[in-house]
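Hi everyone, thanks for having me. Let's take a friendly walk through one structure together, so please have it open on your screen.

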Amino acid sequence: MFRIESFGSGSGGNCYRLTYNNQSIVIDCGFRLNALYRKGFTLSDVKGVLISHAHNDHCKGVADLLKHGAVVYMSDDTRRTLDLRYNFLCRQLNAGDTVKIGEFTVKAFDLQHDIPNIGFLIKAGDNVIVYITDSYYCKYRFKGVTHMMIEINHSYETIERSLHAGTLNKALYKRLKTSHFSLENAIQFLKSCDLSHLKEVRILHLSQDNGDAELFKYEVERLTGVLVSVER
Ligand SMILES: [Zn+2]
Ligand SMILES: [Zn+2]
């Protein structure tokens, strides 16, 4: 049996767990372990943790995880930023690398953010999962994906509206456009992938001020015809 769980999504913290055949991997850990335990998280069946990049909402819990003996994978850039190059439990996983973690095969690929960031293509049995967050664009196309875990942070319409209303300043407006996935870019990306095996889409990292959960869910459902949920 394959399962995806979310322990939080967005700029306040991100953490997801995939479980297959009683083995788990965690993707991103933007919360302290105590906070995760309160949400029902357990480390016992976790075979490895994947960290996308060095922003706090994705790596806040890394020190706790290492202290508790978890094996954590991240790019060399992220290891340097977090000063973990000489930690034995912190393994290098750069864009282009593939690693086998228990029942999971994980391939990392590069994303377009304001600091080095990677996404993950994960295989577990017949399940093919793509994880992309904190990127305004993805240059790769994927085939046979069964589960898309993809950021939709804002839409051009919502940030345009916020800019004119004065609730979003010009600098943040520009940053959002070049660091996070918009509805428009996410739809283009999904359209360019082979969706014939798709079963489910999880929308991640919705902006509190510039997101529109109902609209984003509707647009992705309309395009894909599969189960769509918005993680918070
Ligand atoms: Zn983030
Ligand atoms: Zn980020």
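Let's begin with the largest pocket: helix α6, residues 170–177, gives the largest share of its lining, three residues. Before I go on, please keep in mind that this is a predicted model. The volume of that largest pocket is about 290 Å³. It has 16 lining residues, and those closest to its centre are Ser11, Asn153, Leu172, Leu176 and Ser207. What is the division of the lining into nonpolar, polar and charged residues? The lining has nine polar residues, four charged ones and three nonpolar ones.

Now to the metals. Which residues coordinate the zinc ion we call ligand 1? The donors are Asp57 through OD, His58 through NE2, Asp134 through OD and His205 through NE2, at 2.1 to 2.3 Å. Why is the arrangement of these four donor atoms irregular? Because the angles they subtend around the zinc ion (ligand 1) run from 92 to 159°, and a tetrahedral site would need all angles between 85 and 135 degrees. Along the sequence, the donor residues follow the spacing D-H-x75-D-x70-H. One pair here links distant parts of the chain: aspartate 57 sits in helix α2 (residues 56–59), while histidine 205 is in the loop between β12 (200–204) and α8 (213–224), 148 residues apart. Aspartate 57 has 12% relative accessibility, so it counts as buried. Histidine 205 is buried too, at 3%.

On to the zinc ion that is ligand 2. Its donors are His53 (NE2), His55 (ND1), His113 (NE2) and Asp134 (OD), at 2.2 to 2.3 Å. This site is irregular, with angles of 93 to 165° among the four donor atoms. The donor residues of ligand 2 are spaced H-x1-H-x57-H-x20-D. Here as well a pair links distant parts of the chain: histidine 55 lies in the loop between β4 (46–50) and α2, and aspartate 134 in the loop between β10 (127–132) and β11, 79 residues apart. Are these two buried or partly exposed? Histidine 55 is partly exposed, with a relative accessible area of 22%, whereas aspartate 134 is buried, at 2%.

How far apart are the two zinc ions, and which residue coordinates both? They are 3.6 Å apart, and aspartate 134 coordinates both.

One last stop, in strand β11 (residues 147–151), where we find histidine 147. Histidine 147 is buried, with a relative accessible area of 7%. Its side chain makes a polar contact with the side chain of threonine 146, at 2.9 Å.

Technical notes
Residues numbered from 1 in each chain as written. Chains lettered and ligands numbered in written order. Predicted model: local features only at pLDDT ≥ 70, side-chain atom pairs only at ≥ 80, totals over all residues. Heavy atoms only, no water. Donors = N, O, S within 2.8 Å, 3.2 Å for Na, K, Ca; no water. Tetrahedral: all angles 85-135°; square planar, octahedral: opposite > 155°, others 65-115°. Helix = DSSP H or I, 4+ residues; strand = E, 2+ residues; numbered from the N terminus. Buried < 20%, exposed > 50% of the residue type's maximum accessible area, 1.4 Å probe, protein only. 1 Å grid on protein atoms, 1.4 Å probe; cavity = no way out; pocket = protein on both sides within 12 Å on 5 of 7 lines; lining within 4 Å. Points joined across faces, edges and corners; volume = space filled by probe spheres on them. Nonpolar A, V, L, I, M, F, W, Y, C, P; charged D, E, K, R; others polar. Polar contact = N/O pair within 3.5 Å; in protein donor to acceptor, adjacent residues only side chain to side chain.
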